[in-house]
Structure formats: structure tokens, C-alpha cells
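Welcome, and thanks for opening the viewer. Let's walk through this model together, one selection at a time.

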Amino acid sequence: MGFDIIPFLARMAREAVPDSDDLIQAVQRLNAGTVTQIFMPYPLSEGLLPGVTVVDDPDAAHVVLLTHRGNAAATAAEVEARMIEGQRIALLDAKYPISGDPELIQALLDSTVYLGTLAAYDVDVTRLQAAILTPMRDGQAHRHYLAHSLLYHWAWQGIVKAEVKRRFGDTIAPEQEQRASDHARARLGAFLMQMGRRGLRFQLAKIGFADRRIDGLWFELSQML
């Protein structure tokens, strides 16, 4: 499935989905040349997208971009401290190349941080920048993006995917497909309950596996009332 962020960004900006699969082009159409000032306490090896400007003062920045590469508790403490200071945080989870660090979001859940106040969360710096570059005209759509990104990268890629794969293999047998979906639904639902207590109140509306492949997981979220 991966994570196609463009439809989420279009809803955040209250714009039509751009007719381009290129993320950078899509974001440029959505933000119409908006400049986003960010403060980065730790340097990035990757390049910055057009429209992102680095400033030296966190209080002058629209967003502070924090990069998690090591101790989860320490990163969570820094996120907490900066949020208390009134800074808006975009969190790049770069400890593992594909999945999120399973310990990081748990550390945030154990802090006072409300996940719904994050500017963005991702394991990919280009998608992260795309999220903070997009004008946020719809707060509910923004929280939907956050919930989807956290659930996919942290809970699914970081934890649940390995469990389902050990039990059902890379390709799920036809007679096991419903059991695999039920298992994934139950496990991911438990993580959603934790996220709901920290500002992201969503539930799984639909879930399945394209071509019965573990890598083909897809899901849809609906807001909890």
C-alpha cells in the first residue's frame, strides 16, 4: 500500500487533488508559493524542498523540525519541552529506514504530548516537508493525516506487520484472509485507542490486503464522535 500523502494534503488545504503523482509538484500547486520557515536543531543530510527556509531562531520559525535517531525517551522529552515553550513540532522518525521506532510513539504517549498537535510525523523527510508546506485550512483533515501516518509507520510497519507476517506469510492463503484482516484490525485498533487518548480520535472503518499480500495492507479511518 505505502502511504500516498497527496490526497490527505489536498483535504488539508481544501483543494482538489492535484493531477500529478509527483509529490513536490503537487505540494507546489497546493501551497501556491507559500514559504515555511523551519528551525532544525540537528542538520539533515537530505535536501530541502522549494519553499522551506531555515531560520536560526526557533521562536521565529513556523515549525521546529526534530529528528529522532536514538533514545526514544530523550526525543519524547525534547518534543514535550518544546511544545511547552509554544513551538510547533514536525517529527522525523529516522531511526529505522522504513518503519517508525516502536518505542518512540509509546514514549510520547507516556508524556504529556498531545499527538494531535504535531505539525507532521513521518519516516520520510520529503513527505514530512510536504506536510508542513501545505496550508492547513482544515484541522480535522490534518488530524486524519497524522492518525494515518502514525498508525501506518509506527504501529503497522514498526510492530504489527511482523506479527501478521509470522502468522500468515508474505502472501495470505485465501482461506486465511479474513483471519489475517481480523488480526490486523484488532492489533491496530488497540493502538488507535491509545492515540485517541492523546488527541487523535479515529477508528478503523475498513481494512484489507491488496492481492492478499502483507505489503498490500490498506485501511480507512473514520472519526470517533
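## Stop one: a covered strand

Select β4 and show its side chains: Ile 89, Leu 91 and Asp 93 point one way, Ala 90 and Leu 92 point the other way, and all are buried. Keep in mind as you look that this is a predicted model. The strand spans residues 89-93, and five of its five residues are buried. As for the two directions, side chains in a regular strand alternate between the two faces of the sheet.

β3 (residues 63-68) runs parallel to β4 and is joined to it by five bridges; look for Thr 67, whose bridge partner in β4 is Leu 92. β5 (residues 120-122) also runs parallel to β4, with three bridges between them, and here Ala 90 stands opposite Ala 120.

Now bring in the helices that link these strands. With helix α3 (residues 72-84), β3 and β4 make a right-handed β-α-β unit.

## Stop two: the core

Click on Tyr 121. Together with Leu 151 and Trp 156, Tyr 121 has the most contacts inside the largest nonpolar core, which has 79 residues. The element that gives the most to this core is α6, with 13 residues. Show what surrounds Tyr 121: among the residues it touches are Leu 91, Asp 93, Leu 104, Tyr 145 and Trp 154.

## Stop three: one side of a helix

Move to helix α2 (residues 23-31) and colour Leu 23, Ala 26, Val 27, Leu 30 and Asn 31, which are buried. They lie on the same side of α2, because they cover an arc of only 120° around the axis.

At the N-terminal end, Asp 22 caps α2, with a side-chain oxygen 3.2 Å from the backbone nitrogen of Ile 24. Just after α2, Ala 32 takes a positive phi of about 50°.

## Last stop: a loop threonine

Finish at Thr 134, in the loop between α5 (125-133) and α6 (139-168). Is Thr 134 buried or exposed? Thr 134 is buried, with a relative accessible area of 5%. Its side chain reaches the backbone oxygen of Ala 130 at 2.8 Å. Leaving aside neighbours within four places in sequence, Thr 134 is in contact with Leu 9, Met 12, Ala 13 and Val 27. Val 27 is one of the buried residues you coloured in α2.

Technical notes: Residues are numbered from 1 along each chain as its sequence is written. This is a predicted model: local features need pLDDT of at least 70, side-chain atom pairs count only at pLDDT 80 or more; totals for chains, interfaces and linings use all residues. Side-chain values use heavy atoms; hydrogens and water are left out. Helices (H or I, at least four residues) and strands (E, at least two) are DSSP runs, numbered from the N terminus. Buried means under 20% relative accessible area, exposed over 50%, partly exposed in between (1.4 Å probe, protein chains only). A polar contact is a pair of N or O atoms within 3.5 Å; within protein, one must be able to donate a hydrogen and the other to accept it, and residues adjacent in sequence count only if both atoms are side-chain atoms. Contact means heavy atoms within 4.5 Å. A nonpolar core is a set of buried Ala, Val, Leu, Ile, Met, Phe, Trp, Tyr and Cys residues joined through side-chain atoms within 4.5 Å. The arc is that of the directions from the helix axis to the C-beta atoms. Two strands pair if DSSP finds at least two bridges between them. A crossover is right-handed if, with the strands pointing away from the viewer, the path from the first strand over the helix to the second runs clockwise.
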